[in-house]
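User: I'd like to learn how to read a model like this one, feature by feature. Can you walk me through it?

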Amino acid sequence: MELLLQTLVSGFLKGGLYALIGIGMTLIMGVMGIINLAHGQLMMVSMYITYSLFALFGVDPYVSLAVSVPAIFILGVAIQKFFLNPLMKIDTILPENQVLMTVGIGMALTEIMRFIFTSDYKSIQTSYSKTTLLMGNISFSLPLLIDFFIAVILTGALFYFLKHTDTGRSIRATAQDRDAAILMGVNAERITSITFGLGAGLVAAAGTMLMPVFYLFPDIGGPFTRKAFVICILGGLGSSVGAIFGGITLGLVEAFGATYIGMEFADMIGLIIFFLVLLVLPGGLKRITGM
Amino acid sequence: MDPGVKKTAIFALLVLFVSAPLFVKNDYFLHLMILAFMWVVIGSAWNLLAGYTGQVLFGVAAFFGTGAYTSGLLVNHLGWSAWWGLPLGGVTAVILAFPFGWICFRLRGAYFALATLALNEVMRHVATIWESLTDGMAGIMILQTFYAPITTPLGILSSKTPYYFISFVMAALSIACVILVTRSKLGYYLLSIREDQDAAESLGINTRLYKMISLSVTAALSGVAGGFFTNYMGFIDPETVFSLHDISIMAILVGIVGGVGTVYGPAVGAFIMVIVQEMFRTGVFGLLSSLAEGTGSGAIITLEKHISSAHVLMFGILVVLVIRFMPNGVVGDWGKVAALVTPCRRANMRQEAGE
């Protein structure tokens with residue numbers, strides 16, 4: 001029983017971070033209709049920024065959020081502006097050119113980081129990295145608990161932004177119908193750039209917050225990209241609410257898989273869920289909730 | 001190009017390829033040619049599904065690796081010759097493709113691409129975890145059939161010569177296969193699915209069925225290539241044959257560098273990519289290291305040290321550049337490439353057009 005509760009708790013807390021990763025991906029997917037296969041790699045770059053700030057200046061990972069998130073936001077805007085938007089105008093046989101482009105960008109980012117930081121594993125040891133709070137016999141990892149609350153705050157802020165600001169409304173309008181939005185005077189290129197930046201910023205926040213409890217090496221981006229799309233498929237493509245459910249579901253499933261089946265299966269379980277969702281519930285949780 | 005010139009050119013190339021091992025005895029050269037031929041097969045397979053049917057495949061390695069493991073497992077568990085892996089590798093790859101296609105062809109565009117990526121990863125994990133069958137990360141080692149120089153009436157030939165001819169025949173057959181498909185009714189069905197799936201369906205084309213056929217041919221060709229890889233290399237492990245970068249992304253690069261949706265595009269792309277890959281792996285064929293030794297220049301020494309580890313970075317940059325500036329590849333954008341190489345011809349053409 002305790003093992004069950006413990007698994008539930010750690011899965012749920014991790015799921016909060018996964019939700020943040022998934023929302024970033026699903027936002028980009030909703031507005032541009034493309035899958036950002038450099039998503040995990042952007043997260044990896046953010047993790048390296050956090051690591052460098054800590055290693056060089058002793059900046060606390062949570063303080064470095066103020067640096068890594070804007071930095072990756074700008075990187076995301078630049079990628080969209082200089083690499084993805086120009087592709088819209090080129091006529092080719094393959095419509096998936098933008099997705100291929102993100103693959104190329106992801107590879108380049110990984111290798112540039114490997115060039116700078118080598119392939120060695122890095123990690124940050126803070127005074128609270130291993131701190132746990134006990135409630136009965138169930139332990140809560142302090143960093144993961146903080147992460148969960150920041151994730152909730154960021155998600156809330158994002159929803160407020162999307163619902164109640166002009167830019168947010170333009171983003172939703174572009175996601176619904178790009179052509180109609182352009183006719184209504186929305187600058188679609190600007191909106192896509194901002195959206196990509198936002199998605200990148202969210203995943204950057206997740207990466208930075210993962211740093212106190214996780215290790216880092218250049219190839220870590222790929223697995224997180226895959227997690228992100230499993231979350232999106234679970235939640236329903238383009239659905240932000242779905243991404244939250246998807247993220248928490250994936251966190252729970254991974255935790256249960258690791259506890260009851262075996263550690264080495266944790267990565268594969270996500271992918272198997274991916275196929276199961278396609279088979280049993282195409283359209284994801286969006287189909288049930290309608291959101 | 002007019003058809004007569006094209007036919008002569010192709011015939012001349014065939015003669016050249018067939019006779020090459022008789023006068024070129026350099027193992028390294030033959031090795032590169034064998035790799036290039038293998039990539040012609042994989043590139044053509046990828047091109048059939050992605051270029052002609054419009055279903056972008058990110059996980060060709062799933063089928064390639066299945067073929068490779070079929071070959072290896074036949075030797076390890078049944079004691080058969082690894083050459084059975086060529087036909088049976090194709091068969092097992094198709095067996096894998098069937099349930100996958102059945103589930104995933106309900107997805108379109110980029111989502112299908114993602115599903116293939118997931119298949120790639122699942123297969124890699126399976127091969128790693130199922131140690132009782134595959135020996136996991138340790139990989140499978142088999143005895144190569146040809147390893148000593150071969151004495152023939154034409155003189156002593158390199159041990160790679162048989163592999164050269166087998167891979168050459170495979171490459172030629174796979175191109176023939178693509179030509180056959182594209183010139184048949186099936187080819188037009190596939191093109192119509194690529195152009196507009198809904199329109200194709202409304203015209204009464206069973207899109208699911210034809211996408212499945214296209215996927216099966218792709219899987220079969222990739223599986224055969226995988227079986228050949230095991231025979232040629234003698235060693236496979238999950239990281240090599242199910243590699244996302246070195247197989248799946250490389251296949252996409254071969255396709256887009258050469259020209260998506262063209263018959264000879266992947267063949268051209270295969271040679272370009274194998275050369276590019278080798279250039280980075282060996283530091284421009286050892287030129288850099290000799291330069292570094294000769295001149296003692298610090299910059300060249302640093303460059304030489306890093307260039308071999310930078311081939312994935314170059315792959316990434318190449319993807320970005322090719323998609324940005326040459327989205328239809330060397331064959332598809334031949335006009336652009338030719339204009340780049342011969343600026344005066346462009347001027348001539350303009351003059352002619354002006355007259």
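**Reading the model, step by step**

Analyst: Let's begin with the make-up of one chain: chain B has 19 helices and four strands. Keep in mind that this is a predicted model.

User: What percentage of the residues in chain B is buried?

Analyst: Of the 355 residues in chain B, 43% are buried. As for contacts in chain B between residues at least 6 apart in sequence, 75% of them join residues at least 24 apart.

User: Now the interface. How many residues of chain B are in contact with chain A?

Analyst: Chain B puts 34 residues in contact with 33 residues of chain A. On the chain B side, H2, H4, H5, H12 and H16 each supply at least two residues. H5(B) gives the largest share, ten residues. Sorted by class, that side of chain B has 24 nonpolar, seven polar and three charged residues.

User: And the core? Which residues have the most contacts inside the largest one?

Analyst: The largest nonpolar core has 181 residues, and those with the most contacts inside it are A:Ile21, B:Ile42 and B:Leu253. H2(B) provides the largest share of this core, 17 residues. Take B:Ile42 as a case: leaving out residues up to four places away in sequence, B:Ile42 touches B:Val60, B:Phe64, B:Ser222, B:Ala225, B:Ala251 and B:Val254.

User: Is H1(A) mostly covered or mostly uncovered?

Analyst: Mostly covered: 22 of the 31 residues in H1(A) are buried.

User: Last one. Why is A:Phe275 classed as partly exposed?

Analyst: Count the neighbours. A residue is buried with 20 or more other C-beta atoms within 10 Å, and exposed with 12 or fewer. A:Phe275 has 19 within 10 Å, so it's partly exposed. A:Phe275 sits in helix H11 of chain A, residues 266-280.

Definitions and conventions. Residues are numbered from 1 along each chain as its sequence is written. Chains are lettered from A and ligands numbered from 1 in the order in which they are written. This is a predicted model: local features need pLDDT of at least 70, side-chain atom pairs count only at pLDDT 80 or more; totals for chains, interfaces and linings use all residues. Two residues are in contact if their C-beta atoms, placed from the backbone, lie within 7 Å. Ala, Val, Leu, Ile, Met, Phe, Trp, Tyr, Cys and Pro count as nonpolar, Asp, Glu, Lys and Arg as charged, and the others, Gly among them, as polar. A nonpolar core is a set of buried Ala, Val, Leu, Ile, Met, Phe, Trp, Tyr and Cys residues joined through C-beta atoms within 7 Å.
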